[in-house]
Amino acid sequence: MAPNPSRKRQSRRGAAQSGMSLSMENGIHYHLPETVSEAVGLLARHGAAARALAGGTDLVPALKLGILGARHLVSLRRVPGLRDIALDGDRDVVIGALATLRAVATSPLVEHACAALAEAAGRTGSPLLRNRGTLGGNVCLDTRCWYFNQSEAWRASRDRCQKAGGARCHVNERENRCVALFSADTPAALMVAGARVELAGPSGMRWIGIEALYSGEGRAPLALAPGEIVTRIRIPKPLAGWRTAYVKHAVRESIDFPILGVAAGVELAPDGTIHAARVAVTGARSAPVRLPEVENAVGGRRLADVGDGDLARIATRALGPLFLSDAVPHKRLLAGLMTVDALARAAGEDSGRRRS
Ligand SMILES: Cc1cc2nc3c(=O)[nH]c(=O)nc-3n(C[C@H](O)[C@H](O)[C@H](O)COP(=O)(O)OP(=O)(O)OC[C@H]3O[C@@H](n4cnc5c(N)ncnc54)[C@H](O)[C@@H]3O)c2cc1C
Ligand code: SF4
């Protein structure tokens, strides 16, 4: 994406009051706002033609391949204060949306507040991707599908599917509804942490629970109002005895999206009784999902008193039918095994259980 030098000079002259904009030879307009309100204003103005740009590790390859057709990229990198990871008083950990995955993975504050999040961030992509990719970009990742994540030339060779602007879904032909998978690593861990997300939009700021960020709709997986962006993520101070873990299964050990990721959190009594549990799964549906049936099944009991087989069956049933484009027929079975593993690791009882 080579910038057009003459436009670049013109834009720089007007950059004293506000962030600059560059027009590329390929027709993409690159905006560098310097405040949140300027960023959301640009996103709202350009609507569906615009995308927020954080680390660009997912967005830029998607644009190069022609998977996405955005013409306006609104970079958040000059907006101040969005990279910090800090304690709010002595309580919650607040993470800026532009904090890199590496910073999240290596932060002692994050490790203390939610080890599963540090683990999930540290298992995302590769060192290079974690150095550049951000937590906000991970949380806001688009859904993926074998029929959609292909070059424009590949997609043009057959009927376009719904997510690519056509009428049909090639995966879920019976219901003809997009079921593309949400496969980002960190959101399941954030759900287990009970995280809240700060959104900034043209009409101001608001905080929502992380679960409310997801629409469950494969074509538009984020429940954001026009122009809204994620600015900060808040992890509540963990209760005494609260422990978490994240388990990921991918085809390769690194540089690979999860086939499935399971995060678990347990509030453990000294005798090993689980007072409360949270379990969340990524890679199975168009949004990361909690498994309340599993959480209820282990609540008030010691993990050792719940059979692994029963627990795995409850998890598999809780996940319900899956629609898959990625030909992984054993995914339901895997969900059961990984749920057992994640809970066992959170409870510090991982010996003898299956590791993914
Ligand atoms: C080879 C490869 C392997 C990968 N492996 C993994 C993996 O194992 N696990 C995984 O989870 N991901 C993986 N990814 C995807 C990606 O690298 C990460 O998800 C990364 O965290 C994305 O962050 P980013 O800052 O680069 O986002 P960008 O690419 O900049 O943006 C991603 C999406 O989020 C939106 N967005 C970004 N920031 C915000 C914000 N603050 N508010 C609203 N919307 C926003 C963008 O508009 C875009 O739609 C992989 C990518 C590649 C290329
Ligand atoms: S699930 Fe269907 S509509 Fe959605 S991306 Fe895949 S083929 Fe397209």
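The shell around ligand 2 divides into 9 nonpolar, 4 polar and 1 charged residues. This is a predicted model. The shell around ligand 2 holds 14 residues. Cys145, Cys161, Lys163, Cys169 and Cys178 come nearest to the ligand.

Now step back to the domains. The protein is divided into three parts: domain 1 (5-75), domain 2 (85-142 + 181-235) and domain 3 (242-346). Domain 2 is written as two segments, 85-142 and 181-235. The C-alpha centres of domain 2 and domain 3 lie 20 Å apart. Their contact takes 26 residues from domain 2 and 23 residues from domain 3. On the domain 2 side, α6 (115-122) and α10 (186-193) each supply at least two residues. The largest share of that side comes from α10, with 6 residues. The side of domain 2 that touches domain 3 divides into 15 nonpolar, 6 polar and 5 charged residues.

Helices α6 and α10 also meet each other. Their axes come within 8 Å and cross at roughly 175°. Angles over 145 degrees count as roughly antiparallel, and α6 and α10 are therefore roughly antiparallel to each other. From α6, the contact uses Ala116, Leu117, Ala120 and Ala121. From α10, it uses Thr186, Ala188, Ala189, Leu190, Val192 and Ala193. By class, this contact has 9 nonpolar residues, 1 polar residue and no charged residues.

Helix α12 (residues 308-319) and helix α13 (residues 331-346) have axes that come within 8 Å. Those axes cross at roughly 130°. The angle makes α12 and α13 oblique to each other. The crossing of α12 and α13 is right-handed. On α12, the contact is made by Asp308, Leu311, Ala312, Arg313, Ala315, Thr316 and Leu319. On α13, Arg332, Leu333, Ala335, Gly336, Leu337, Thr339 and Val340 take part. The contact of α12 with α13 has 8 nonpolar, 3 polar and 3 charged residues.

Conventions: Residues numbered from 1 in each chain as written. Chains lettered and ligands numbered in written order. Predicted model: local features only at pLDDT ≥ 70, side-chain atom pairs only at ≥ 80, totals over all residues. Axes fitted to C-alpha atoms, helices over the stretch in contact; angles between N-to-C directions. Helix = DSSP H or I, 4+ residues; strand = E, 2+ residues; numbered from the N terminus. Parallel < 35°, antiparallel > 145°, perpendicular 65-115°, else oblique. Left-handed = near helix turned anticlockwise from the far one by under 90°. Contact = placed C-beta atoms within 7 Å. Nonpolar A, V, L, I, M, F, W, Y, C, P; charged D, E, K, R; others polar. Domains from an automatic or database assignment. Near = placed C-beta within 6 Å.
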